[in-house]
Amino acid sequence: MSRTVNGSQEASAPVLAAYSYCEAVTGQQAGNFSYGIRLLPTAKRRAMSALYAFSRRVDDIGDGPLDAGDKHRRLEETRELLARIREGRIAEDDTDPVAVALSHAARRFPIPLGGLDELIDGVQMDVRGESYETWDDLAVYCRCVAGAIGRLSLGVFGTVPGARDAARASEYADTLGLALQLTNILRDVREDAANGRTYLPSDDLAKFGCADGFHSARPPAGADFTGLVHFEVRRARALFAEGTRLLPMLDRRSGACVAAMAGIYRRLLDRIAEDPEAVLRGRVSLPGREKVYVAVRGLSGLDARSVHRRTAGGRA
Ligand SMILES: CC(C)=CCC/C(C)=C/CC/C(C)=C/COP(=O)(O)OP(=O)(O)O
């Protein structure tokens with residue numbers, strides 16, 4: 001008889017193999033977040049990789065080639081798998097390595113797995129092609145697809161004993177997710193438009209003469225595209241400043257992980273602010289060496305508090 005995954009024991013060979021699979025997925029696909037995840041000690045790194053691999057699967061269903069009906073079916077199947085994980089009904093020798101790894105991680109760390117239901121809700125909003133009139137509307141979507149990932153990750157990180165303001169840690173993790181997602185939306189404006197998607201609030205688009213969307217490498221005629229981008233960059237920076245209040249509550253390596261994720265995305269935001277039209281020409285990204293620099297800096301010199309001060313105080 002096969003045993004179900006038990007997080008309190010030393011990981012068995014099938015569980016270790018499942019984690020290796022998730023770490024490979026993270027290394028290959030998490031172009032930005034893998035730099036932070038690599039800074040964690042083994043157990044947390046494995047748990048974050050399991051979370052990443054599960055989230056990647058959900059995201060890939062939403063972005064993939066299936067028609068909307070099939071996407072909804074696959075997402076509901078994934079929701080059922082999540083329920084089995086939550087109920088401890090995954091065998092160690094299950095053929096799905098992501099389920100095995102996430103089951104183990106969820107037994108070892110207090111991960112609020114309902115956040116993955118929220119992620120599925122968010123991807124279903126995508127599949128339905130929802131658009132957002134106001135920032136408050138868009139924030140609901142961002143909370144599902146990114147705030148929830150912040151709250152799930154916090155379950156892995158934990159907070160240090162006696163951390164000031166720890167009751168708000170989950171709120172800050174959620175806000176940091178929003179900051180990352182809004183940055184992501186700005187970066188991907190052109191690619192999303194090519195796929196018929198606009199995430200930015202229609203109220204904001206109208207205010208800056210961009211209501212017709214972004215269909216070429218140049219801003220729409222008569223639009224204040226730079227004004228729009230700067231407006232959203234200011235919003236994202238305020239979210240980073242609020243969300244990075246989480247950093248002083250984390251242990252050194254968890255703090256370094258979050259500082260790397262936030263630092264890399266903050267720099268992306270700076271690039272976008274310097275040249276708003278770049279997002280219409282292609283995908284703005286940082287060179288690998290710059291991401292390594294941001295990650296190592298978080299781990300070595302700067303303590304979490306000073307990273308927060310720098311983030312809150314202006315450009316890194
Ligand atoms: C507290 C804490 C840890 C917060 C972090 C929350 C977090 C990691 C949110 C992810 C949201 C996001 C922008 C995903 C983009 O993935 P993508 O695959 O499009 O990213 P990429 O293209 O930039 O690699």
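**Helix packing and the ligand shell in a predicted model**

Q: At what angle do H3 and helix H5 pack, and how far apart are their axes?
A: In this predicted model, the pair consists of H3 and helix H5, the latter spanning residues 97-108. The two helices pack at an angle of about 130 degrees, with their axes 9 Å apart.

Q: Are H3 and H5 parallel, antiparallel, perpendicular or oblique to each other?
A: The angle between H3 and H5 is about 130 degrees. Angles over 145 degrees count as roughly antiparallel and those from 65 to 115 as roughly perpendicular, while angles under 35 count as roughly parallel and the rest as oblique. H3 and H5 are therefore classed as oblique.

Q: How is H3 oriented relative to helix H4?
A: Helix H4 covers residues 68-86, and its axis lies 9 Å from that of H3. The two pack at an angle of about 165 degrees. That makes the orientation of H3 relative to H4 roughly antiparallel.

Q: How is H3 oriented relative to H6?
A: The axes of helix H3 (residues 42-63) and helix H6 (residues 114-127) come within 9 Å of each other and cross at roughly 20 degrees. That makes the orientation of H3 relative to H6 roughly parallel.

Q: Is the crossing of H3 and H6 left-handed or right-handed?
A: H3 passes H5 in a left-handed crossing, and the crossing of H3 and H4 is left-handed too. For H3 and H6, however, the crossing is right-handed.

Q: What share of the ligand's exposed area does the protein bury?
A: Polar side-chain atoms of Arg-56 and Arg-187 each lie 2.9 Å from an oxygen atom of the ligand, and a polar side-chain atom of Arg-283 lies 3.5 Å from a ligand oxygen atom. Taken alone the ligand exposes 630 Å², and the share of this area that the protein buries is 88%.

Q: Which elements give two or more residues to the shell around the ligand?
A: The ligand is surrounded by 18 residues, with Asn-32, Arg-56, Asn-184, Arg-187 and Tyr-265 being the closest. By type, the shell divides into 9 nonpolar, 6 polar and 3 charged residues. The elements that give two or more residues to this shell are helix H7 (135-157), helix H8 (169-187) and helix H12 (252-274).

Key. Residues numbered from 1 in each chain as written. Predicted model: local features only at pLDDT ≥ 70, side-chain atom pairs only at ≥ 80, totals over all residues. Heavy atoms only, no water. Near = heavy atom within 4 Å. Polar contact = N/O pair within 3.5 Å; in protein donor to acceptor, adjacent residues only side chain to side chain. Areas by Shrake-Rupley, 256 points an atom, 1.4 Å probe, with all protein chains shown as cover. Helix = DSSP H or I, 4+ residues; strand = E, 2+ residues; numbered from the N terminus. Nonpolar A, V, L, I, M, F, W, Y, C, P; charged D, E, K, R; others polar. Axes fitted to C-alpha atoms, helices over the stretch in contact; angles between N-to-C directions. Left-handed = near helix turned anticlockwise from the far one by under 90°.
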